[in-house]
Each structure stands twice: as structure tokens, then as C-alpha cells.
Amino acid sequence: MGDHDTVKERLRAALCADDPWTALFAPNADRPGGLAEAVEELYRSDTDRASRPYLTWLLRTLGEPGDAVLLRLFAEPEFPAADRRDLLTTAVSRGLRLPAELLHAYAGQAPASGGEGARAGVAPAPELVDAMGLSGDPSFLPRLGALLGDPAAPRDRAALALGRLGAREWTEQIAGRLSEVTGLGHTAFVVALELMDDPAAVPHLLRWLAESGEERVYDVHHALVRLTGRDPLLPEGANRAAYGAAVRAAWADGRTERAPATVRNLVVESAALARFSVDGGAGRIRGDFDPPSPGGAWPRWDRSLTFDGKPLYGVGSLCDTCELGLTLLDWPDDEAARIAARMRGRLARLDRIDAALLAEFSPVLGELETGHYRALLLDLPLERVTEPARSWWFRRVAAGAEEDDVSEYAEGQPRGSLARRRALPARRARPRRPGAPHIRRRSALAAAGGARCGDRRPARGRDRGGGAARRRGPRLDRRPVRGGPARGAVADRRGAGRPPPARRLRGRRRAGPGAPARPRGHGRRR
């Protein structure tokens, strides 16, 4: 199937199908030789120009070969404006770095954010602003900076673009305009300050914290923790007003130096459950938001479990209706492996949790981020799944795709049409690789206990965290577990043969009532 003409015929047949999106999965899954080149040839053909949106989507899924084609196609100005915009949007979503001269030329021809032709004083389209931020070229700084004060411009994207460029000369401009933006725009400005990692933002944030409304407290507190390293312990179970008051009180004296980590409030409730708090945690082991995805609407979305800032596991988003899984991003550094090895031997012989055990592990617990924790002693009988048909994960995603195709998002759109495709939830556009080898429980895990956390975003529905080794040992859990069965899966991006981690650190940082609410209606509800 690697013959060039054969590949082209397969692509044309897929594009003529009743549902081209589904039909395109077959050649994409097979990845015949020369697939990216065949897509490029069809894209350039006038005969197939109506299929260009499908072909652009396919290029997005092909990795580096597709990226090279995207850059070549975008560089040719003879394509219609709508096609070039689609190519640029796709290149941005891939995080590609486009040449500055190409973007300058495009900026003189491209539609502006309001759909008008580019004119002096008219704001550029959001995807162009994103591309400027990815370019690494400082020549865009004056134009991006000018957008910060224009309410009609995509100034949230401009702030993030300046953050990606590391333009610290704009720190005070962004920090000084926090009072002008609300909602996701405010979050984007704060995240931009985090990307710049500039201590000069701290005095502005402290002043703004004292003046801002409660709905903005979480973002400002998060940025102060990231920029100073100081992570004060906040009360558990506080409502929005109490949370806001606690955050303001914690920073009221202006102190930004990090105090030594302390493990406190230890309560051993049973041989299988203990609770404790970490105050002033070093945060070397941290679950936090990833940098914002280029072109994404949410400045804070996906999260990862990190060690010394290095992402180890992708955890997923805070969406109420999205699956929770652990996806292995990279194997721990030597130091993390040594810590795990030291704990593994002790935990293998463990039959109960007590104060002496937690005191023994207190140096390691101090490396966690600040928060309230539960240590649970659990047996997790797990197995590695390599055949998709045996996986509940695979069956769920397959069923979800069918349900999405008849969901309210796509109602009234012709089956297989571009409009229908764009109306479907984002999960369908970004397959979760359910066929990948992964680790799961052999049976459902009965969860117990109610939501008892100072998080405005309580755990809803089912707890689907997954273990990664059949061992008896405590689970450090920062997320409240609610009733219902729990299942889990850990996808290994690096394929089979990689040993599972020895212990699982699962959960969510307490974020408090000021945290941004999770989006509702994203995907289907269960």
C-alpha cells in the first residue's frame, strides 16, 4: 500500500465517502509510505480543492512529515485566504515556528479578527497573534504590545504571545492592565506573567490581590506561588468568600520567602487511612497546569504530574465530563527513581498506616506541594492491556464516538459534513489513542467517602484514577473521592516493555473557591 498512486486513490475514496472524517482514519492508522506527500499533491490539485479542510486536518495528525507539508503550503500566497487561514490555524495548533518574514507578508494580506481585510489600525486575527508568539522573533513585540490596550483586539492572545516570547519589558504593562480584563482574559494575562517568570510582576500582583474580586483571587494566588516559590497552606473546605479572605491574609504582609516545609495536622483514622497537611511544601513533586496550548481557548486546561518541573504524567483537564487517566510522558530522572526505590522496599512489607510511618517519610512528603492529603492503604490488582477489544477504555471511546455523532452538537448538520465535524466535541477531533497499551484494574474499585476539600471544583461523577502496579501501599490522594465505581488506565506513550511506576501519586491540588470553574457541556455527560 506504499505506492504513491495507490495512496492517492485511497485518499480520494475516503474523501468521497459519506463520512470523510471516519474514512480518513483508515489511511491515517496504516500510515502508508508517502502519505504526507500524497496529501500535499491532492491539496494542490484544483480538482480536490473542496476537500482541503479535510486534508488540512489529516496533515495535523501526521506529525513531522505533516508539519513540513503545512509549512510549504502556507508559504504559497496563491491559495485563497480561507485556505491559508486554515493552514495557519493548523500550524499554530501544532506549535510550529513559522518564519517571521512569512508572517509579516501574511499579515499584510490576511483577514483581521473582525473578518475585514488587513488595514492599519485593525487588529490581526487570533491565529496570527498566536503565530507571532511562536515565531521567537522580537520584531513582533511592538505590534503585540499595542494590542494589550485594545478591547476589540485579541489582547488575551497578545499577552500569551508576549509571554511565550519571554518579553519581560512588557511585564509591567500586562500586570498593570489586570483590572481591565475579566474571565478567561484575566486568566490569560496572569498566565502570561507566569510564562515570563519575571519577579518584577510580584509587587503588582500583591497590590492587585488586595483590590481584586473573589473570582480573580485564584489566578493571582497561583501566579504568586509560581513566581515566588512560597506556597502558604490555606484552610480546607472554605467557601469562596472564606477562601478569598484566607489568600489575602496569607499574602498581606508582603512576605515572599519560602519557609521550610512542615508536615502537620496528622490524623490516623484507621490502619488504612490517615490525613495530613503539608505547609510550605517544596513543590518538587507537583500536579499543575501545563503551559497553554497554542490556539486553545482555555489558558489553563491540561495538567501534568511533574518532578522538578519535568512532566512525568499527563493527567488531563478539569472538565466535568472528560475521562481522567495517567499518560506516561517521560521516565523519572535518577533522583526520582532513587526516592521511589527507597520507598518501594518499605511499602512492600507494609500492613498498616501509622504515625511512625509518616514520620519516616516526612522528608519526602515535604517535597510535595502545599495542600491537604489522604494516605490510603489499597490493593490494586492491575494488568497490562495490549488488545483493544479487551479494554473497557477502548469500548467506551468507541461508544462515545457513536454517541457524539448523534449528539446535540451535530444536530441538523449533514452526516460527514465539515459543519458537522466542527460541531462535534473536541474529544472526537483529538482521539485519545484507546488502542495504545495501557495498565488498568481488573475490576471496578468501590470508592468511599464524600467530597471534603477546599476546592471550588469538587470531584464530580466517578473517580477514574488508575494504579500502575499490583502492590500494597498508601496512595497519596489530594482529590475527594465520591461514590461510584472507580476505574483507571495509564497509557504508555513509549510503547510496551516499559516497567510500570512503583507507586501512584494521584489527585488534584486544592485550588480553592477562587479557582476557575470547569467548563460544562464539554463532551457528553455520563
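Visitor: What makes Arg-84 count as lying over the face of Phe-74?

Guide: Arg-84 lies 4.8 Å from the ring centre of Phe-74, over the face of the ring; a charge sits over a ring if NZ of Lys or CZ of Arg is within 6 Å of the ring centre and within 35 degrees of the ring normal. Arg-230 is placed likewise over the face of Trp-251, at 4.9 Å from the ring centre. This is a predicted model, in which local features need pLDDT of at least 70 and side-chain atom pairs count only at pLDDT 80 or more, while totals for chains, interfaces and linings use all residues. Residues are numbered from 1 along each chain as its sequence is written, and side-chain values use heavy atoms, with hydrogens and water left out.

Visitor: How many aromatic pairs does a search of the whole structure find, and why is the pair of Trp-21 and Trp-57 called edge-to-face?

Guide: The search finds six aromatic pairs. Rings of Phe, Tyr and Trp (its six-membered ring) pair if their centres lie within 6.5 Å, and planes under 30 degrees apart count as stacked, over 60 as edge-to-face and the rest as tilted. The ring centres of Trp-21 and Trp-57 are 5.5 Å apart and the planes stand at 90 degrees, so this pair is edge-to-face. Trp-21 is in helix H2 (residues 20–23) and Trp-57 in helix H5 (residues 52–60), 36 residues apart, where helices (H or I, at least four residues) are DSSP runs, numbered from the N terminus. Ring pairs also link Trp-21, Tyr-54 and Trp-57 into a cluster.

Visitor: Why is the pair of Phe-74 and Tyr-106 called tilted?

Guide: The centres of the Phe-74 and Tyr-106 rings are 5.1 Å apart with planes at 50 degrees, so the pair is tilted. Phe-74 belongs to helix H6 (residues 64–74) and Tyr-106 to helix H8 (residues 100–107), 32 residues apart.

Visitor: How do you know whether Ser-212 is buried or exposed?

Guide: Buried means under 20% relative accessible area and exposed over 50%, with partly exposed in between (1.4 Å probe, protein chains only). Ser-212 has a relative accessible area of 5%, and is therefore buried. Ser-212 touches Val-217 and Arg-248, not counting residues up to four places away in sequence, contact meaning heavy atoms within 4.5 Å.

Visitor: Why is helix H9 described as largely enclosed?

Guide: Nine of the ten residues of helix H9 (residues 126–135) are buried, so this helix is largely enclosed by the rest of the structure. Its cover includes helix H7 (81–93), H8, helix H10 (141–147) and helix H11 (155–164).

Methods. Helices (H or I, at least four residues) and strands (E, at least two) are DSSP runs, numbered from the N terminus.
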